[in-house]
Amino acid sequence: MSNPLLVFWSRLFATEPARRTPRWRVPMHTSRKASATIFLVMRRMRVPLIVLIVIFAITTLGLTLIPGQDTAGRPVKMGFFDAFYVMSYTASTIGFGEIPYPFTYNQRMWLTISIYLTVVGWAYAIGSLLALLQERGFRQALSLQHFMRKVERMREPFLLIVGYGRTGEVLARSLDALGRRFVVIDSDDGRIDDLDMASYRADVPGLVADAGDPGHLAVAGLDLPSCEGVVALTDDDEANLAVVQAAALLRPDLPVISRAVSPTMAERMRAFGTPTVVNPFDRFGDYLRIALRAPASYQLMTWLESGPGAPLPPRGLPLSDGHWVICGYGRFGREITEDLRAEGLDVTVVEPADVAEHHPDTIVGFGYEPDVLVRAGINRAAGFVAGTDNDTTNLSLIASARKANPSLFVAARQNKAASAPLFAAVEVDSLLVPADVVAHEVYALLSTPLLWRFLQEVPRREDAWAAAVIDRLTQLCGEHLQAVWKVRLTATEAPALQAWLAEGGARLGDLLRNPDDRDEPLHAVPLLLARATGVNDGTDIEVAPENDFVLAPADELLLVGWPSARRGLDATLLVDATREYVVHGRHVPSSWVWRKLTRRPA
């Protein structure tokens, strides 16, 4: 059954055997939209086609009734086939000639009338077809059917991304760099047009639809076995909640990651299964606390979350305790205020009179007014946060605060991607771009779970430890982030190492040698090692293991390094001869023929 439309209908109406994961059906209105293209064409083109058929029938019949003359002058009538043949090339303006004999004046007069009739019929039919092609409903049905075919043809695992704004675009490019496939849904047709114009390695199916409709999620492949996860990244928390609900109820086995700004909405999402909810304001507050007390740890985390090719971000200086001024006490301002006060810092909030919450630590007014900032204590402040939802206002706040106190540590919120050059020009110390924070967080979750676990461990370590890891990374791999990958030392993925690991003395440093020259290390740095404990599916982890760490079968390693180092390590894991050279320094023939000729065992 190679027709995707037939596959869809067979899945829709097929009788499924009972199983734990419940099957569900696409709503009928979505099914009809996907398969109604041919029916819509036939319905709209019914009258024009009838007109053409009637014109052809009348003109063909006329040619058979009007007698002609043969070469001897005897009357002869044209057969139906010859008449239809003549009308076919006449109506299509090809004009082969007069058959089987030259036409009489009566036949030529009838043919002249037929020409004008067929021209009118063709004009009417073509005009109706062009009008149909311009109709929004027809184009939607056509694009939906084309989208379904592309999704059905995807054989490798893919992610379903809902929302292709700034966050979705950043995440999509990071996933594409990893070779991961994905399908996109967005309610804005302009964003889907941008997706079609983007230069991805593989074709990315995109659909303009409301993701809150479970039928659209079904068309996007939510019910396919190859769908490995759902990511809801729209700017509307309510829409993201609808996606989380649909995925949790219809495919409870799928992992779901969602963006949410409101803490209340995040709790509503967590009521449906165990989705991972990313709040950019909350994460930025946590990162700001890390940046203030451990700049190297913050530098390492932001670098690893940025994806392959990202340059090493600059490292700030630890900030001493002091007074902070926050302008903008919305959702973002509340999160930052709570995080800073949790660090034991003194915080003063500046808000306009119509939204200010009157308590002792609130100054009523606009932060870009000099007297308001003076009353807030800007002259003695150590830090300043411009956190409104308007970029021009935030830039004005930064300029006013810097003018009053040039030594401030400035954190700001950037709301629009177009404002990036302006915020780069003012050189803020810590910048929140909600779309980038969410994209980097989701990338860390999806690229490999070990990377996420490593990022959770970094804040618990000393800042000097993070600085040492950065130095090791830059010495071996440079100041641009290279490939991040995971290695499992199992019999399937590392068959050449099993005997060596079973001996009990396999050191990590011996494994990470260059297969071309074992005296040189691979350009790769191990960040995390996970080992199963065998108790309740638990695992023990070793962060940034040293070269003398002893490996065991089934260990999992998280590495960062050059792509060539990854290929070299793969050869060590799979090829016995390469393993012997890398681990023991022995040159062993890899083929059976050479082993026989040299009479050396494998």
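Close-up 1. R579 counts as buried at 12% relative accessibility, whereas D576, with a relative accessible area of 44%, is partly exposed. Here buried means under 20% relative accessible area, exposed over 50%, and partly exposed in between (1.4 Å probe, protein chains only).

The model is predicted: local features need pLDDT of at least 70, side-chain atom pairs count only at pLDDT 80 or more, and totals for chains, interfaces and linings use all residues. Residues are numbered from 1 along each chain as its sequence is written, and side-chain values use heavy atoms, with hydrogens and water left out.

**Close-up 2. R289 and D339 form a salt bridge between two helices.** The structure holds 28 salt bridges, and in the one between the side chains of R289 and D339 the N to O distance is 3.8 Å. Because R289 lies in helix α13 (residues 280-293) and D339 in helix α15 (residues 331-342), the pair ties together parts that are 50 residues apart in sequence. R289 is partly exposed at 22% relative accessibility, while D339, at 9%, is buried.

**Close-up 3. E457 pairs with R461 in a salt bridge.** The closest N and O atoms of E457 and R461 are 3.8 Å apart. With 13% relative accessibility E457 counts as buried, and R461, with a relative accessible area of 35%, is partly exposed.

**Close-up 4. Strand β6 pairs with β3 and with β7.** Five of the six residues of strand β6 (residues 227-232) are buried, so that the strand is mostly covered. Strand β3 (residues 158-162) and β6 pair in the parallel sense over five bridges, two strands being paired if DSSP finds at least two bridges between them; I161 stands opposite V231 in β6. Strand β7 (residues 256-259) also pairs with β6 in the parallel sense, over three bridges, and S258 in β7 is the bridge partner of A232.

**Close-up 5. Acidic residues gather in a patch of negative charge on the surface.** The patch holds D189, D193, D194 and D196, and D194 has its place in helix α9 (residues 189-197). Patches are made of residues with over 30% relative accessible area and no salt bridge, like charges being joined within 9 Å and nonpolar side chains (Val, Leu, Ile, Met, Phe, Trp, Tyr) within 5 Å. Asp and Glu count as negative, Lys and Arg as positive, and His and the chain ends are not counted. A network of salt bridges links D186, D188, R191 and D235.

**Close-up 6. W122, I126, L129, L130 and L133 form a nonpolar patch on the surface.** Together these residues have about 440 Å² of accessible area, computed by the Shrake-Rupley method with a 1.4 Å probe. L130 has its place in helix α6 (residues 105-134).

Terms used: A salt bridge is a side-chain nitrogen of Lys or Arg within 4 Å of a carboxyl oxygen of Asp or Glu. The place of a charge is taken as NZ of Lys, CZ of Arg, CG of Asp or CD of Glu. Helices (H or I, at least four residues) and strands (E, at least two) are DSSP runs, numbered from the N terminus.
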